[in-house]
Amino acid sequence: GSLVNRKLIQFLASTTIYAIIFTLMFMASILLFISSSIWPHSLSAFVLPLILLYISAAMLFPNLTSIALGLFRESAGVASACVGCTLFVIASLLSSLVSGIHVTSGVSFSLIFFIICIVIFIIYRYLIHPRQNQPS
C-alpha cells in the first residue's frame with residue numbers, strides 16, 4: 001500500500017487519492033459482506049476482501065497523518081506526539097468495545113468493517129477535509 005501510495009502522490013491530487021482509497025474501502029467491505037453471505041465457511045471469502053481493506057488502510061492513514069501534521073507545521077513534533085497518543089487512546093478504547101461484540105458469522109463481521117469505513121469517511125469529510133483547504 002505504501003509503495004502504491006508513493007507513486008499515486010506523484011501523479012494525482014490528494015482529493016483524488018482519497019476518493020480512490022475510500023471507494024476501495026467501501027468496495028472491499030461490500031465484497032466482504034457478499035462473499036461471507038455466499039460462502040460462509042470459506043477462508044478465501046474473508047482473506048481477499050480483508051487484503052483490499054488493509055491495502056487501502058495502508059494508503060489512507062499515512063496521508064491523513066501528513067495532513068494532520070501539516071496543519072501545525074511550526075510545532076510538528078508536538079503535533080506528532082499528540083496524533084500518536086490520540087491514536088493509541090482511540091485504539092485502546094475501540095479494542096475494549098470490540099472485545100464485547102461477539103461475532104458469530106462473517107456477515108456481522110463484514111457489517112462491523114462497513115461501519116468502521118463509514119466512520120472513517122465521516123471523520124475525513126467533516127473534520128479533516130474542511131481544514132485541509134485552509135491556509136496555515
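**Figure 1. Pro 40 is partly exposed in this predicted model**. Its relative accessibility is 44%. Buried means under 20% and exposed means over 50%, so a value in between counts as partly exposed. Pro 40 sits in the loop between helix H2 (14-38) and H3. Which residue lies 66 residues from Pro 40 along the chain, yet has its C-alpha atom 6.3 Å away? That residue is Gly 106.

**Figure 2. Helix H2 spans 36 Å**. H2 has 25 residues. The span runs from its first C-alpha to its last. This is close to the 36 Å expected at 1.5 Å a residue.

**Figure 3. Part of H2 is buried**. Which residues of H2 are buried? They are Ile 17, Tyr 18, Ile 21, Phe 22, Met 25, Ala 28, Ser 29, Leu 32, Ser 35 and Ser 36.

**Figure 4. The largest pocket has a volume of about 1,400 Å³**. Which helix gives the largest share of the lining? H5 does, with twelve residues.

**Figure 5. The lining of the largest pocket holds 34 residues**. Those nearest the pocket centre are Phe 61, Leu 87, Ile 90, Ile 120 and Ile 123. How many lining residues are nonpolar, polar or charged? The lining has 31 nonpolar residues, two polar and one charged.

Conventions: Residues numbered from 1 in each chain as written. Predicted model: local features only at pLDDT ≥ 70, side-chain atom pairs only at ≥ 80, totals over all residues. Heavy atoms only, no water. 1 Å grid on protein atoms, 1.4 Å probe; cavity = no way out; pocket = protein on both sides within 12 Å on 5 of 7 lines; lining within 4 Å. Points joined across faces, edges and corners; volume = space filled by probe spheres on them. Helix = DSSP H or I, 4+ residues; strand = E, 2+ residues; numbered from the N terminus. Nonpolar A, V, L, I, M, F, W, Y, C, P; charged D, E, K, R; others polar. Buried < 20%, exposed > 50% of the residue type's maximum accessible area, 1.4 Å probe, protein only. Expected span 1.5 Å × (residues − 1).
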